[in-house]
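Let's take a friendly tour of the salt bridges in this protein. Have the sequence and the 3D view ready as you read.

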Amino acid sequence: MQPTLRELADKNGLLIGCAVATDPLGAMMRDGPTPYSTVLAEQFNIITAENATKFGHLSTGPGAYDWSLADALFDFAQRHRMQMRFHTGLWHNQLPTWLDESKHRSNEIAAIARDHLAAVGRRYGDRMYCWDVVNEPISDKPDQPGADSGPLRDTIWKRALGDDYLATVHHWAHEAAPHAKLVLNDYGTDIAGAKTDALYAVVNDLLARSVPLHAVGFQMHLLHGQRYDPSAVTANFQRFADLGVEIHITEMDVAIAPMSGDRQSRLKQQAQAYRDVLAAAMKVKGFTVFQTWGFTDRHSWVPKFTKCDDAALPLDENLLPKPAYFALREALQQAGQSHMPFPVPLPSDPGGRG
Ligand code: XIL
């Protein structure tokens, strides 16, 4: 029998995982094990809610929460000895409907941010491996004039809390969840470029001031036909790892719609992209987490986002492995025992707290 991704990752001291979509999570909660949850538990040792733990999904009103889906995911992870990435604390999307910038003063928005981080930390702080505290804080056009000039995106949180808000909220998150690795997660920073430089400057500055920040998340959505030179990915990750942070790939998917050739050839190109990225990352000491944004083409955000029919994940609509799955497995096998980053502890007692 061929080993699962999880078995290979365990040997390498790596966490391998994916985002869990809301509908199948609801089904698992209602009906118990499903084919989807069986594959999850077999193949992965870390999971993340695709949407269920975003502020807008958790919140039912000011200071009020419905934790039921999130609890179900944390319980599932614990039963199956998986780690959890909490995604996310503060983001500029998928916010609660009651949070209206025109109706709240800055100090009220600051209190909302602090209270939310405290609530998440109280409930899950001891059970999360890592936490994307602020999602996508880096400006898309850091070198151009306008509201988004400078390294940081112009968001409700930055406007309320000020230019140094990342430091502020990381301190709050650390207070709320002292054992969680705090992550700065963004897209479009997978290889060198202006946005990557902005991210680097921000990370460097936060670390220099001893702000709690333990990992950088690279989303790795390859949705526009981009093909990275693997050495460019290694070099970029190494630059960040040299600052002393863990490197996480957090949301990889590879769209086939922009590729040329028949379906079989596109699936091969896709497999190569997955293999290249994972192998490139595994060259970097400090690379500890590899996650895709979903695992089956049945539940993928890509067609909705790109408005194109697609198949961007390693398993097909019927939960069967595609060439991309085998490519990931090969990349893990080829790394063999050589990739031992910081050994990542898995929860050892399925009955206890992870
Ligand atoms: C996406 C989800 O996949 C969609 O279902 C939802 O409609 C929008 O958000 N970067 C992120 C993720 O950090 O939270 C986003 O998830 C995808 C892009």
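A salt bridge is a side-chain nitrogen of Lys or Arg within 4 Å of a carboxyl oxygen of Asp or Glu. By this rule the count comes to 20 salt bridges. The model is predicted, so local features need pLDDT of at least 70 and side-chain atom pairs count only at pLDDT 80 or more, while totals for chains, interfaces and linings use all residues. Residues are numbered from 1 along each chain as its sequence is written, and side-chain values use heavy atoms, with hydrogens and water left out.

| Salt bridge | Closest N and O atoms |
|---|---|
| R153 and D140 | 3.7 Å |
| R159 and D154 | 3.3 Å |
| R209 and D164 | 2.8 Å |

What does the pair R209 and D164 tie together? R209 lies in the loop between helix 9 (194-208) and strand 8 (215-218), and D164 in the loop between helix 7 and helix 8 (165-176), so the pair ties together parts that are 45 residues apart in sequence. Helices (H or I, at least four residues) and strands (E, at least two) are DSSP runs, numbered from the N terminus.

Next comes accessibility: buried means under 20% relative accessible area, exposed over 50%, and partly exposed in between (1.4 Å probe, protein chains only). R153 is buried at 11%, whereas its partner D140 is partly exposed at 41%. R159 is partly exposed at 41%, and D154 is partly exposed at 29%.

Finally, D140 and R153 belong to a network of salt bridges that also links D186 and K195.
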